[in-house]
Amino acid sequence: MTCVHDVSEGGMLVALFETLMMDKLGISLAIPEDADETAWLYSELPGQFIVAIDRNKKTEFEAHFAPQVREFLGEANTSGRILLKGEELIVNQILVDLVV
């Protein structure tokens, strides 16, 4: 694991923002087709974590967890932008302004 961050106040989007901001990284989110986007992005359910791993260790990491308790969010990149279904989220300008 290269990073672990709890999902708490603000939900998944805020946790991703906090995780990516310092290194000026971005991500193209892979939200499940049947998910309510607002609930998925902002839900503050207890016990959720974002875990970053090396892409070469993905299969090995996933073998430790049942599919019901893990979800692939996407791959980090150097764009500095958070994309949802290929479209930039409004948070992108905030991210760029904060790390400049």
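Modeller: Let's begin with His5, which lies in strand E1 (residues 3-6). Helices (H or I, at least four residues) and strands (E, at least two) are DSSP runs, numbered from the N terminus.

Colleague: Before we go on, what kind of model is this?
Modeller: This is a predicted model: local features need pLDDT of at least 70, side-chain atom pairs count only at pLDDT 80 or more, and totals for chains, interfaces and linings use all residues. Residues are numbered from 1 along each chain as its sequence is written, and side-chain values use heavy atoms, with hydrogens and water left out.

Colleague: OK. Is His5 buried or exposed?
Modeller: His5 counts as buried, because its relative accessibility is 18%. Buried means under 20% relative accessible area, exposed means over 50%, and partly exposed is in between (1.4 Å probe, protein chains only).

Colleague: Which residues is His5 in contact with?
Modeller: Leaving aside neighbours within four places in sequence, His5 is in contact with Ala15, Glu18, Thr19, Phe49 and Ile50. Contact means heavy atoms within 4.5 Å. There is also a polar contact of 3.5 Å between the side chains of His5 and Asp6. A polar contact is a pair of N or O atoms within 3.5 Å; within protein, one must be able to donate a hydrogen and the other to accept it, and residues adjacent in sequence count only if both atoms are side-chain atoms.

Colleague: You mentioned Thr19. Where is Thr19?
Modeller: Thr19 sits in helix H1 (residues 11-21). A polar atom of its side chain lies 2.7 Å from the backbone oxygen of Ala15. Leaving aside neighbours within four places in sequence, Thr19 is in contact with Cys3 and His5.

Colleague: How covered is H1?
Modeller: Mostly covered: nine of its eleven residues are buried. Among them are Gly11, Met12, Ala15 and Thr19.

Colleague: What about the largest nonpolar core? Which residues touch the most other members?
Modeller: Leu16 and Leu29 do, out of 17 residues in that core. The elements giving two or more residues to this core are H1, E2, helix H2 (37-42) and strand E5 (82-84). H1 gives the most, with seven residues. A nonpolar core is a set of buried Ala, Val, Leu, Ile, Met, Phe, Trp, Tyr and Cys residues joined through side-chain atoms within 4.5 Å.

Colleague: And what is Leu16 in contact with?
Modeller: Ile27, Leu29, Ile50 and Leu73, leaving aside neighbours of Leu16 within four places in sequence.

Colleague: New topic. How many salt bridges are there?
Modeller: The count comes to three salt bridges. A salt bridge is a side-chain nitrogen of Lys or Arg within 4 Å of a carboxyl oxygen of Asp or Glu. Glu75 forms one with Arg55, and their closest N and O atoms are 2.5 Å apart. That pair links distant parts of the chain: Glu75 is in the loop between helix H3 (58-62) and E4, and Arg55 is in the loop between E3 and H3, 20 residues apart.

Colleague: Are those two buried or exposed?
Modeller: Glu75 counts as partly exposed, at 40% relative accessibility. Arg55 is exposed, with a relative accessible area of 60%.

Colleague: Which residues are linked in a network of salt bridges?
Modeller: Lys58, Glu62 and Arg70. The side chains of Lys58 and Glu62 meet at 3.2 Å, N to O. Those of Glu62 and Arg70 meet at 3.9 Å, N to O. Lys58 and Glu62 are separated by about one helical turn, because they are four residues apart in helix H3.

Colleague: What is the phi of Lys24?
Modeller: Phi of Lys24 is near 55°, a positive value in a residue other than glycine. Most residues other than glycine have a negative phi. Lys24 lies in the loop between H1 and strand E2 (26-29).

Colleague: Last one. How many helices and strands does the protein chain have?
Modeller: Four helices and six strands. From the N terminus on, they run β-α-β-α-β-α-β-β-β-α. Buried residues make up 28% of the 100 residues in the protein chain.
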